[in-house]
Amino acid sequence: SFRYLVSHTTWRSIRFGLKGNPTEFAKFYWKQGLLQIVTLGFYTPNADIKVAKELWGNLHYGSINFNFDDQHVALDKIKKAFYILWGIGIGFGVIFGVLFGQSIISGNMVSEDSSFISLLVFPFYIALFLAALNYRATLLREIVKAIDLEGVKFNLNITMGGLFGLFSQTD
């Protein structure tokens with residue numbers, strides 16, 4: 001967990017820490033998850049920022065507290081990246097749900113349609129993966145931009161390609 005990682009991290013012999021009650025955070029986190037379910041995912045960008053604020057806003061380095069100023073977050077950028085991901089995901093689900101449903105109704109699960117469906121699957125997975133990388137990179141850039149440590153601001157220049165590079169490391 002984040003709390004464990006933070007409590008076991010030191011820099012220049014000073015330990016990081018996380019304030020707050022784990023049980024209260026768990027309740028908060030579950031509430032954010034439920035709101036995402038109820039809103040069919042549309043609340044996800046807001047939930048991601050609220051969770052980041054809860055984590056980073058309670059982080060401290062020795063006696064110095066981190067601050068998370070969500071006024072510096074460009075939520076519209078995050079939402080745009082998320083809605084692209086959401087749209088591709090819903091499109092993927094609808095198209096394949098209809099095609100698969102037709103196969104079941106016709107009673108012909110293995111047919112020439114199966115190869116057509118297989119040809120569509122790969123590009124959709126690639127589009128979904130790229131959209132997810134774009135959303136995550138946008139979210140991380142905005143989260144880091146909102147973090148402040150006694151006037152020290154941070155910046156992250158992560159891209160989709162950079163995230164893909166992290167996922168594809170084999171060392």
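User: What rules apply to the residues and atoms here?
Analyst: This is a predicted model, in which local features need pLDDT of at least 70 and side-chain atom pairs count only at pLDDT 80 or more, while totals for chains, interfaces and linings use all residues. Residues are numbered from 1 along each chain as its sequence is written, and side-chain values use heavy atoms, with hydrogens and water left out.

User: What makes the contact of Lys27 and Glu24 a salt bridge?
Analyst: A salt bridge is a side-chain nitrogen of Lys or Arg within 4 Å of a carboxyl oxygen of Asp or Glu. For Lys27 and Glu24 the N to O value is 3.4 Å, so the pair qualifies. Both residues lie in helix α2 (residues 22-38), three residues apart, about one turn of the helix. Helices here are DSSP runs (H or I, at least four residues), as are strands (E, at least two), numbered from the N terminus.

User: Why is Lys27 called exposed, and why is Glu24 called partly exposed?
Analyst: Buried means under 20% relative accessible area, exposed over 50%, and partly exposed in between (1.4 Å probe, protein chains only). Lys27 has 52%, so it counts as exposed. Glu24 has 46%, so it counts as partly exposed.

User: How many salt bridges does the structure hold?
Analyst: There are three. Another of them joins Asp70 to Lys53, with the closest N and O atoms 3.4 Å apart. Asp70 lies in the loop between β4 and α4 (75-106) and Lys53 in helix α3, so this pair ties together parts that are 17 residues apart in sequence. Asp70, at 29% relative accessibility, is partly exposed, and Lys53, at 37%, is partly exposed as well.

User: Is Glu142 buried or exposed?
Analyst: Glu142 has 4% relative accessibility, and therefore counts as buried. Its side chain meets that of Lys145 in a salt bridge of 3.0 Å, N to O. Lys145, with a relative accessible area of 29%, is partly exposed. Both lie in helix α5, three residues apart.

User: Why are β1 and β6 said to stand at the edges?
Analyst: The open sheet has six strands in the order β1-β2-β3-β4-β5-β6, with antiparallel pairing. β1 (10-11) and β6 (152-153) each have a single partner strand, so one side of each is left without a neighbour in the sheet.

User: Which residues form the nonpolar patch on the surface?
Analyst: Phe122, Ile126, Phe129, Leu130, Met160, Phe164 and Phe167 form it, with about 680 Å² of accessible area together. Such areas come from the Shrake-Rupley method with a 1.4 Å probe; for residues, only the protein chains shown count as cover. α5 (112-146) and α6 (160-167) each supply at least two of the patch residues, and α5 gives the most, with four.

Notes. Patch = residues over 30% accessible without salt bridge, like charges linked within 9 Å, V, L, I, M, F, W, Y side chains within 5 Å. Pairing = 2+ DSSP bridges.
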